[in-house]
Amino acid sequence: MNGAARMREAVNAAQAAQCPVTHARRANPFDSELARLHGNYAAMHDGRLVRVAAPTTPVTDAARRMHDDFRALVLDPRFSCLGAKAAVSRGAYRTGLYDELGSAAATAGLARDLFSFVEDRYDLAGGFSTFVAGFRGPPALDEAGFERLLWQQLQGLHDEDRRFHGWDPSVSADPESAEFSFSFAGRAFFVVGLHPASSRIARRFAWPALAFNAHEQFDQLRVRGRFDKMRTLIRERDQALQGSLNPNLSDFGERSEARQYSGRAVGDAWRCPFQAHAESPSWVAPTTADDLLIPLPPAACPDVPGG
């Protein structure tokens, strides 16, 4: 999709966000026995962390610790990402803890839960939302090791997703393209990697983790004229925290954002190991009660933070 078409889509999305809309919830095609066993989709409710699909089933102690560590990271006054701060402050986020990064079990559970987040985004209050997937290991990863497993995990998600969904047409599937963005369930995401050994302080986290941020919320910021201000403030805060800006930083359309996902500084010769396969979606969602059109309350209309 060229820049003009992308902007038209963003305008339409921003206009739709000004008032209550309806959303047809899709049945989850990743709802396998393995996925249910390893899924861990959780949200805050009445001051406690609960499983979204089974609120009466307690979350594990490890999942609670990962969630609490994430909140502590984001709510630290020095933390640079204002979008993440807005999401956490408004409760517009979801978390999950999975087996080792890149493993088959983690892929099954994460695919199920990330699809749930794609559907839940329409119901989350506030203009910015995020889904944070933490992993139990492997421990002691250096930056290169984390980067390798990050792309192994995204490849695994794509290999599952391509059976059911095409790539988001608003972005490129070629990781060398300046318009590349990771796509899942037909939605483009900017992925932020976090781990204990990150050279970037803002990405230094006690658990290996991936934060999935929908691209359309950045497009809405651009349409409202708030993106430049927010980007400037975030970079100023990161400069103050780190003493330097991430050398991989670039705006969408300038250089492939794949270079930014892991947080590791990479040179011009770096090539992304991810490969998008030919699309072959063949699954048709069954008609269920969840597929009914659900009116969203006015509180769900995005109030996009301006920084």
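Me: Is Ala185 buried or exposed?
Reply: Ala185 is buried, at a relative accessible area of 1%. Buried means under 20% relative accessible area, exposed over 50%, and partly exposed in between (1.4 Å probe, protein chains only).

Me: What is phi of Ala185 near?
Reply: Phi of Ala185 is near 55 degrees, a positive value in a residue other than glycine. Most residues other than glycine have a negative phi.

Me: Where is Ala185 found?
Reply: In the loop between β6 (182-184) and β7 (187-194). Helices (H or I, at least four residues) and strands (E, at least two) are DSSP runs, numbered from the N terminus.

Me: What kind of model is this?
Reply: This is a predicted model, where local features need pLDDT of at least 70, side-chain atom pairs count only at pLDDT 80 or more, and totals for chains, interfaces and linings use all residues. Residues are numbered from 1 along each chain as its sequence is written, and side-chain values use heavy atoms, with hydrogens and water left out.

Me: What pLDDT does the chain average?
Reply: The chain averages 84, and 81% of the residues score at least 70. pLDDT is the predictor's confidence in each residue, from 0 to 100.

Me: Which peptide bond is cis, with omega near 0 degrees?
Reply: The one from Gly137 to Pro138. Pro138 sits in the loop between β5 (130-135) and α6.

Me: And Ala140, buried or exposed?
Reply: Ala140 is exposed, with a relative accessible area of 82%. Ala140 lies in the loop between β5 and α6. Phi of Ala140 is near 55 degrees, a positive value.

Me: On to helices. At what angle do the axes of α5 and α6 cross?
Reply: Roughly 65 degrees, and the axes of α5 (residues 104-120) and α6 come within 10 Å. Axes are lines fitted to C-alpha atoms, for helices over the stretch in contact, and angles run from 0 to 180 degrees between N-to-C directions.

Me: Which residues meet there?
Reply: From α5, Ala106, Thr107, Leu110, Ala111 and Leu114. From α6, Gln153, Gly156, Leu157 and Glu160. Contact means heavy atoms within 4.5 Å.

Me: Where is His158 placed?
Reply: His158 is in helix α6 (residues 143-161). His158 is buried, with a relative accessible area of 3%.

Me: What is His158 in contact with, leaving aside neighbours within four places in sequence?
Reply: Trp167, Phe182, Phe274, Gln275, Ala276 and His277.
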